[in-house]
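Hi everyone, thanks for coming. Let me put the sequence and structure up on the screen, and then I'll walk you through a few places in it.

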Number of protein chains: 4
Amino acid sequence: MDMQLGMIGLGRMGSNMVRRLMRSGQHQCVVFDFNAAARRALEQEGARAAESLDELVERLAPPRAVWLMVPAGAVDGVLHELTPHLSADDIVIDGGNSYYVDALRRAEELGLKGIHYLDVGTSGGVWGLERGYCLMIGGPEQTARSLDPIFKTLAPGRAAAPRTPGRKQAGGTAEEGYLYCGPSGAGHFVKMVHNGIEYGVMAAYAEGLNILHRANVGKKEAAVNAETTPLAHPERYRYDFALADVTEVWRRGSVIGSWLLDLTASALLDQPDLSGYTGHVADSGEGRWTALAAIEEGVPAPVLCAALHQRFASRGNDEFAAKVLSAMRHQFGGHVEHGE
Amino acid sequence: MDMQLGMIGLGRMGSNMVRRLMRSGQHQCVVFDFNAAARRALEQEGARAAESLDELVERLAPPRAVWLMVPAGAVDGVLHELTPHLSADDIVIDGGNSYYVDALRRAEELGLKGIHYLDVGTSGGVWGLERGYCLMIGGPEQTARSLDPIFKTLAPGRAAAPRTPGRKQAGGTAEEGYLYCGPSGAGHFVKMVHNGIEYGVMAAYAEGLNILHRANVGKKEAAVNAETTPLAHPERYRYDFALADVTEVWRRGSVIGSWLLDLTASALLDQPDLSGYTGHVADSGEGRWTALAAIEEGVPAPVLCAALHQRFASRGNDEFAAKVLSAMRHQFGGHVEHGE
Amino acid sequence: MDMQLGMIGLGRMGSNMVRRLMRSGQHQCVVFDFNAAARRALEQEGARAAESLDELVERLAPPRAVWLMVPAGAVDGVLHELTPHLSADDIVIDGGNSYYVDALRRAEELGLKGIHYLDVGTSGGVWGLERGYCLMIGGPEQTARSLDPIFKTLAPGRAAAPRTPGRKQAGGTAEEGYLYCGPSGAGHFVKMVHNGIEYGVMAAYAEGLNILHRANVGKKEAAVNAETTPLAHPERYRYDFALADVTEVWRRGSVIGSWLLDLTASALLDQPDLSGYTGHVADSGEGRWTALAAIEEGVPAPVLCAALHQRFASRGNDEFAAKVLSAMRHQFGGHVEHGE
Amino acid sequence: MDMQLGMIGLGRMGSNMVRRLMRSGQHQCVVFDFNAAARRALEQEGARAAESLDELVERLAPPRAVWLMVPAGAVDGVLHELTPHLSADDIVIDGGNSYYVDALRRAEELGLKGIHYLDVGTSGGVWGLERGYCLMIGGPEQTARSLDPIFKTLAPGRAAAPRTPGRKQAGGTAEEGYLYCGPSGAGHFVKMVHNGIEYGVMAAYAEGLNILHRANVGKKEAAVNAETTPLAHPERYRYDFALADVTEVWRRGSVIGSWLLDLTASALLDQPDLSGYTGHVADSGEGRWTALAAIEEGVPAPVLCAALHQRFASRGNDEFAAKVLSAMRHQFGGHVEHGE
């Protein structure tokens with residue numbers, strides 16, 4: 001079934017989603033971005049570019065479906081400009097990394113005008129064009145169902161993974177790679193937790209690789225001051241591991257095989273010492289929101305939270321705390337700091 | 001090239017490894033287990049069963065290769081019985097979950113007799129027969145090389161995962177699913193860290209799913225005592241997520257796709273509430289040893305350690321600490337405990 | 001200087017604060033509680049009890065000072081009833097465990113009517129009557145200053161602790177045990193972090209004592225299943241520590257002496273095995289809010305957060321996550337759960 | 001009762017302990033240090049200095065008591081030199097920060113020669129001379145009892161802290177500030193856990209103070225790249241807290257009053273921004289050993305371990321892990337690192 005979709009926001013994610021929709025030959029895309037060059041680029045690939053939000057709405061036949069793929073902080077601004085042009089029964093989809101609590105509010109606000117709002121958590125990154133996008137959908141079920149052909153085209157499809165035993169009988173769209181998760185906010189809630197898990201999984205690999213990376217400390221001259229514990233058994237830490245090979249071998253047959261491991265193996269093959277990176281790791285809102293949700297629910301999430309706080313520390317935000325520790329040690333024991 | 005291998009220990013792992021070797025049609029296996037039934041079972045599938053360690057050694061042509069696939073705690077006992085029957089240049093392989101520090105000692109002890117010792121971390125679980133085993137090998141490089149045909153057959157092979165870009169030029173056996181990691185202990189060291197990572201990855205999924213599981217707390221009647229923080233926004237926690245579907249949808253196109261996620265989706269499809277489990281989670285030595293290595297190296301591993309300690313708590317070992325907290329609260333604030 | 005204070009909320013905290021003010025002989029207290037018995041009790045000790053909020057306001061000479069010592073969840077309700085009776089230049093003090101963000105809002109709302117609002121974090125628990133209350137004050141500085149005599153009486157006074165070297169020159173009221181911390185919200189912010197620290201300190205003692213408590217595991221018969229790591233050196237864990245004595249000895253001369261340790265020593269002396277407690281540990285809002293503040297500021301606080309999540313787990317909220325782990329282990333390794 | 005004690009090791013701790021013993025007028029000290037200047041210094045204060053270990057032993061009347069106050073790594077070397085000069089029934093005390101497992105071994109080795117060995121965890125730092133030393137004693141009970149007068153003089157004494165209610169009836173020496181904890185290793189075990197707790201308590205303060213320190217982030221210009229979560233409510237983070245005052249006010253009447261807080265208040269008064277410290281925090285063996293003990297006992301200690309790992313990170317040992325995270329983010333999302 002042919003469908004028409006308006007896409008606002010033509011960054012890495014939005015433009016590739018349009019490309020995937022167009023490639024299918026089943027859908028027509030009208031696109032807009034405040035950046036004219038981004039509009040032109042997609043126009044040359046066959047999309048119809050609108051020069052304004054107004055024009056984008058005009059070019060879509062009602063009831064319209066308009067997908068926002070803009071930074072979380074820009075959604076309300078775009079909605080403020082876009083909404084006056086929309087009519088009752090139009091659908092707005094927020095596919096960005098918005099806080100699910102905002103989805104609750106927006107669904108209510110737009111609902112007053114008869115506009116339907118879907119929050120669609122979208123995972124896939126720069127790889128989504130080829131692999132497809134994993135879609136987690138929240139909002140009115142009927143509305144979600146009406147966009148099924150769009151979701152199906154964007155999603156990776158069943159062939160993207162081996163079938164889970166017994167899944168055939170269970171039915172549903174999950175194994176197509178898109179899922180109606182529940183009422184407003186449910187899509188972004190599931191995406192939020194997805195990203196929270198991502199932080200934990202990434203940290204697990206990173207810490208493990210760091211332990212392998214330092215497994216040669218027994219070869220180094222030990223510090224000789226009283227402030228540092230000497231290594232009890234240096235002979236146990238004299239390994240020089242080739243991490244590109246180690247991550248490669250784990251990709252086959254091991255319990256920890258994953259797509260993130262595939263990427264890690266690739267990165268380490270390119271640059272074994274990762275010297276091109278500073279190690280200042282950003283954190284998007286979703287890792288933080290997951291931690292907040294855990295706290296509000298009273299659910300212990302020590303691993304996810306440790307992963308989040310580790311990122312804060314990677315940016316040097318632990319410095320004052322560390323100075324407090326040094327100051328205490330100096331006070332009670334006369335300890336003077338040493339470098340390592 | 002045809003090879004001969006003696007296998008000691010015919011549990012879930014050892015017996016399936018023998019089956020995989022035999023299926024290849026390239027290798028001959030002589031097997032032994034202290035349990036006669038286990039010996040018989042494999043004999044009926046075509047292996048040659050020895051009735052004693054002595055006989056196993058006799059049936060192998062020197063230089064022999066004997067693979068131990070027994071619990072970590074049983075390795076020294078088996079070696080004690082086995083070694084007198086072996087000759088110089090024979091090879092002993094420990095494929096179990098042994099502490100890598102023991103490998104250092106054993107390699108030295110056996111080396112005095114001219115016997116070569118390999119420590120081979122083996123991942124694959126009950127799925128290894130079909131998927132192949134991921135092998136992490138430590139010991140003398142020459143010895144490791146001499147067993148290449150065995151390792152190649154046990155390993156999953158290159159086709160088991162898409163090729164990492166640029167890998168072809170890099171060469172080596174890692175993409176076959178087996179890897180020479182370094183001198184004695186290196187194989188079990190890498191396997192140890194592998195399992196440490198596994199703990200962290202598992203915990204990340206488990207915590208995230210728990211946050212989804214409790215996302216309906218806003219529907220419940222709030223506790224009315226002063227000891228419990230009321231939920232500030234119950235309207236934000238009224239979701240009933242179908243976790244079997246959520247984990248299924250994440251398997252395609254998402255950043256957190258992994259083999260562990262595949263298994264989780266399968267487990268949740270079988271039993272959505274996991275009511276068949278008590279949640280008393282065991283921990284093998286390797287998670288602990290990873291934590292010890294991190295501490296000895298001075299490498300921060302807060303996520304891996306949180307995952308480990310969480311397992312201790314799952315078995316109730318946090319109880320006394322919690323009572324201390326309650327006692328303190330009672331002392332300073334007159335707080336009386338409430339259930340939840 | 002004599003002052004007059006209205007106190008609303010005569011629970012453990014509020015009634016003892018009134019007692020401390022009355023004992024000083026310098027202040028006059030008009031008190032109210034929705035519970036008549038609580039009013040009567042204090043009236044018999046010399047306070048003037050009002051039968052309604054209206055009457056409480058009437059009995060105070062303007063400009064009035066009304067202190068609220070009610071649960072965080074009740075503050076807005078009381079303010080809603082109280083405010084219409086107040087006049088411009090009256091002062092409302094919230095001394096409870098309110099979220100500092102609410103103080104920002106309330107100060108603004110009351111400010112529209114010319115009413116001054118102070119947020120005063122109050123620590124001291126059931127011991128405050130004798131020891132005095134540590135007061136952390138936020139709001140307009142002039143307003144805070146006008147209540148100095150009240151704060152001074154409630155606070156412990158300089159003699160409550162040895163003088164910090166150089167403190168005399170620094171001046172200020174901090175060493176009296178009360179402090180103007182900054183504009184609206186500052187008082188409850190500081191109190192919030194105080195309680196966050198408290199969680200961490202309590203957890204440190206609790207975990208350490210648990211390690212001592214289990215230091216006799218080497219005496220026990222080891223589990224004999226393959227799912228549990230046997231203790232490598234049982235001979236190292238054969239101590240039966242008398243925790244009441246250990247905590248007592250730490251109270252003198254050690255680095256970890258503290259008031260919380262004093263209370264712990266007392267609790268363990270009363271009941272060495274703490275069998276009267278279940279170990280279901282509540283958490284008030286402030287531990288949670290501290291964690292939220294850390295996350296919003298991007299400040300790593302792994303210890304404080306671990307302490308918070310530990311309390312969640314103490315109430316069984318980790319159960320579903322643990323079942324997910326067990327289900328994964330069963331899937332990949334055929335592991336069956338064992339009790340401990 | 002007059003006693004005689006040999007002291008080996010005249011650093012900060014050992015020399016002050018000798019001074020405290022001499023000041024009491026009850027004990028005679030023979031001292032030795034490999035550093036001659038250290039010997040001379042104490043000799044001028046009235047101690048009898050020996051020029052060699054041999055001479056030290058000679059000058060003591062049997063049965064002798066020789067106290068070692070040397071770095072953990074030096075104990076075995078000193079014992080190797082000292083032991084040949086000792087006789088059966090002499091007593092050796094290790095008062096340093098040794099691993100309790102070494103005490104088990106040393107007690108056994110010395111026991112073969114009839115020499116009694118005590119492991120005495122000693123807390124007090126540079127303040128012990130005035131405050132007294134908290135002593136945690138392990139070894140044969142009879143031996144420990146024979147040195148009671150020495151311990152009593154070194155310890156702070158009952159007056160150093162208010163009496164715990166009901167303590168009088170309980171009896172024992174704990175409230176004097178020294179305690180017989182159990183057989184060999186028990187003293188150092190208790191001291192080890194003491195230091196583990198210390199790490200956790202210190203971290204709790206440090207993290208809390210860091211949250212206060214950064215409570216002005218809402219005043220700063222927000223970063224404008226897509227990689228950083230903007231602060232949702234900058235108006236909530238506009239506080240400039242005077243931390244020297246905040247820590248001072250907490251010293252009186254609050255729940256978190258402690259000796260470590262006293263020291264922190266003092267350090268912050270001296271230098272409010274702690275700019276004299278780098279924040280590279282060392283960790284002695286005992287924090288690590290506590291973590292190992294927790295793991296071996298299977299006791300969850302997430303707070304103590306987070307505190308330990310935080311110190312590792314303070315020395316930059318988290319860097320490679322952080323680079324792995326950045327590399328992963330670059331791979332899956334095209335994310336480029338930004339500074340903060």
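Before we visit any spot, one definition: helices (H or I, at least four residues) and strands (E, at least two) are DSSP runs, numbered from the N terminus. Two words on the ground rules. What you see is a predicted model, where local features need pLDDT of at least 70, side-chain atom pairs count only at pLDDT 80 or more, and totals for chains, interfaces and linings use all residues. Residues are numbered from 1 along each chain as its sequence is written, chains are lettered from A and ligands numbered from 1 in the order in which they are written, and side-chain values use heavy atoms, with hydrogens and water left out.

Let's begin in the loops. In chain A, A:Asp89 sits in the loop between α4 (75–82) and β5 (91–94). Its phi is near 80°, which is a positive value in a residue other than glycine.

Now please find B:Pro63, in the loop between α3 (53–59) and β4 (65–68) of chain B. Is the peptide bond from B:Pro62 to B:Pro63 cis or trans? It is cis, with omega near -10°.

Next, how chains pair up. Copies here are superposed by least squares on the C-alpha atoms of residues with pLDDT of at least 70 in both. Turn chain A by 180°, with a shift of 0.0 Å along the axis, and it can be laid on chain D with an RMSD of 0.0 Å. The two copies are thus related as by a two-fold rotation axis. They also use the same surface, as 100% of the contact residues of chain A recur in chain D, where contact means heavy atoms within 4.5 Å. Each side is counted separately: 65 residues come from chain A and 65 residues from chain D.

How much area do chain A and chain D bury between them? About 5,700 Å², with 61% of it on carbon and sulfur atoms. Buried area is the accessible area (1.4 Å probe) that two parts lose on being put together, summed over both. On the chain A side, A:Phe320, A:Gln331 and A:Phe332 lose the most area to chain D, together 14% of what that side buries.

Chain B and chain A make another pair. Chain B superposes on chain A by a rotation of 180° with 0.0 Å of shift along its axis, at RMSD 0.0 Å. Within chain B, the C-alpha nearest that axis belongs to B:Ser258, 1.9 Å from it. Their contact takes 94 residues from chain B and 93 residues from chain A. Since 99% of the interface residues of chain B are also interface residues in chain A, the copies meet through the same surface. Together, chain B and chain A bury about 7,800 Å², 66% of it on carbon and sulfur atoms. In chain B, the residues losing the most area to chain A are B:Ile211, B:Arg252 and B:Val255, together 10% of what that side buries.

Last stop: helix packing inside chain C. Axes are lines fitted to C-alpha atoms, for helices over the stretch in contact, and angles run from 0 to 180 degrees between N-to-C directions. Helix α11 (residues 243–250) and helix α12 (residues 259–270) of chain C have axes that come within 8 Å and cross at roughly 155°. So α11(C) and α12(C) are roughly antiparallel to each other (angles under 35 degrees count as roughly parallel, over 145 as roughly antiparallel, 65 to 115 as roughly perpendicular and the rest as oblique). Among the residues that meet are C:Leu243 and C:Trp250 from α11(C), and C:Leu261 and C:Leu269 from α12(C).
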